[in-house]
Amino acid sequence: MDDNAQLEEMTWPEARDRFADGAVPIVPLGTLEQHGLHLPLGSDAIVPHELAKRLADEANVIVMPPVYYGFVPATRDWPGGITISHDVVERTFREITDGLIHHGADRILLLTGHPEHEGIIKEVARKVADDEPDVELMTMGYWSSPILDVIQETAEHFGGHAHEPETSIMLALRPELVHMDRAVAEESTGRWDGEVVTDHEELLYEPVENTLEHEHETTGTGGDPFGASAEKGEAMVDAWVDRMAGFLDDWTA
Ligand SMILES: [Zn+2]
């Protein structure tokens, strides 16, 4: 819609005009954590940032700079992993949101690339709803319901971390950062599977363990990335951009 939707590249009058025009800020919220042998540490920030940039071609949005520092206690011992405390992360997301509201935004999309942030952004949204009743927040992980059907139809293996869908999406968005020649398949760590819980023990709280010590995760990969392709990733990315552009149209109408 506009050549320059990225806030950090705007002048202040450009930013003023975009806020005045009702553009929806998208805040990409990621992490620095291991993503197997073949994906970069910043994958969880890179994907939502690139998705937001693509969505900017189809919808009136402001692409905020991604937050690379997040809550990753289970992977902090892997080289390059940095974790920030839960309360500091929540406070950071909240203060970014407050800054956007201060500039006139009344609809904001908090878009995470990291499952552990889903609860935090919902908590931020709950508190904003209490304090700012005229502001609406949309919170989501990019893999969630808008494209879960496309992911399930497209991917052969979709459980885990640094797995096939995440790898496909990275191949579509930033292929130069994906090292398929180094990829390995490991046991799935279970995310994105949508499996039915059949044992109460699956519901019991377990203290966070350092996954570097898990035998089945010696490479940090969870699942099988070998079915990944840029073509599959494009199908997921296109569906995401297309459906989200429709959602934003409806939301801002
Ligand atoms: Zn990830």
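## Contacts and overall make-up

Of the contacts in the protein with a separation of 6 or more, 79% are between residues 24 or more positions apart. Two residues are in contact if their C-beta atoms, placed from the backbone, lie within 7 Å. This is a predicted model, in which local features need pLDDT of at least 70, side-chain atom pairs count only at pLDDT 80 or more, and totals for chains, interfaces and linings use all residues. Residues are numbered from 1 along each chain as its sequence is written.

The protein has seven helices and four strands, and from the N terminus on the order of elements is α-β-α-β-α-β-α-β-α-α-α. Helices (H or I, at least four residues) and strands (E, at least two) are DSSP runs, numbered from the N terminus. Of the 253 residues, 45% are buried. A residue is buried if 20 or more other C-beta atoms lie within 10 Å of its own, exposed if 12 or fewer, and partly exposed in between, with C-beta atoms placed from the backbone.

Helix α3 covers residues 86-102, and its 17 residues should span 24 Å at 1.5 Å a residue. The end C-alpha atoms are 24 Å apart, which agrees. The expected span of a helix is 1.5 Å times one less than its number of residues. The buried residues of α3 are V89, F93, T97 and L100. Seen down the helix axis, these buried residues fall within an arc of 70°, so they line one face of α3. The arc is that of the directions from the helix axis to the C-beta atoms. An α-helix has 3.6 residues a turn, so residues three or four places apart point the same way.

The cover over the buried residues of α3 includes β1 (24-29), β3 (107-112) and α4 (117-131). On the other side of α3, the exposed residues are D87, V88, E95, G99 and H102. E95 counts as exposed because 11 other C-beta atoms lie within 10 Å. The C-alpha atoms of E95 and V124 are separated by 9.5 Å, although the two are 29 residues apart along the chain. After α3 comes G104, with a positive phi near 105°.

## How α3 meets α4

The axes of α3 and α4 are 10 Å apart, and the two helices pack at an angle of about 50°. Axes are lines fitted to C-alpha atoms, for helices over the stretch in contact, and angles run from 0 to 180 degrees between N-to-C directions. α3 and α4 are therefore oblique to each other. Angles under 35 degrees count as roughly parallel, over 145 as roughly antiparallel, 65 to 115 as roughly perpendicular and the rest as oblique.

The crossing of α3 with α4 is right-handed. A crossing is left-handed if the near helix is turned anticlockwise from the far one by less than a right angle, and right-handed if clockwise. In α3, H86, V89, E90, F93, R94 and T97 take part, meeting I120, I121, E123, V124, K127 and V128 in α4.

## Helix α7

Helix α7 (residues 230-252) has 23 residues and reaches 32 Å from first C-alpha to last, close to the expected 33 Å. Its buried residues are K232, G233, A235, M236, V237, W240, V241, M244 and L248. They pack against β1, α2 (43-55), β2 (61-63), α5 (148-154) and α6 (164-173).

The axes of α2 and α7 come within 10 Å and cross at roughly 55°. α2 and α7 are therefore oblique to each other, and α2 passes α7 in a right-handed crossing. On the α2 side the contact is made by L51, R54 and L55, and on the α7 side by V237, W240, V241, M244 and A245.

The axes of α6 and α7 cross at roughly 90° and come within 7 Å, so the two helices are roughly perpendicular to each other. In α6, P165, S168, I169, M170, L171, A172 and L173 meet A230, K232, G233, E234, M236 and V237 in α7. I169 counts as buried, with 30 C-beta neighbours inside 10 Å. Not counting residues up to four places away in sequence, I169 touches V47, G233, M236 and V237.

A162 is in the loop between α5 and α6. Its phi is near 55°, a positive value in a residue other than glycine. A162 counts as buried because 26 C-beta neighbours lie inside 10 Å.
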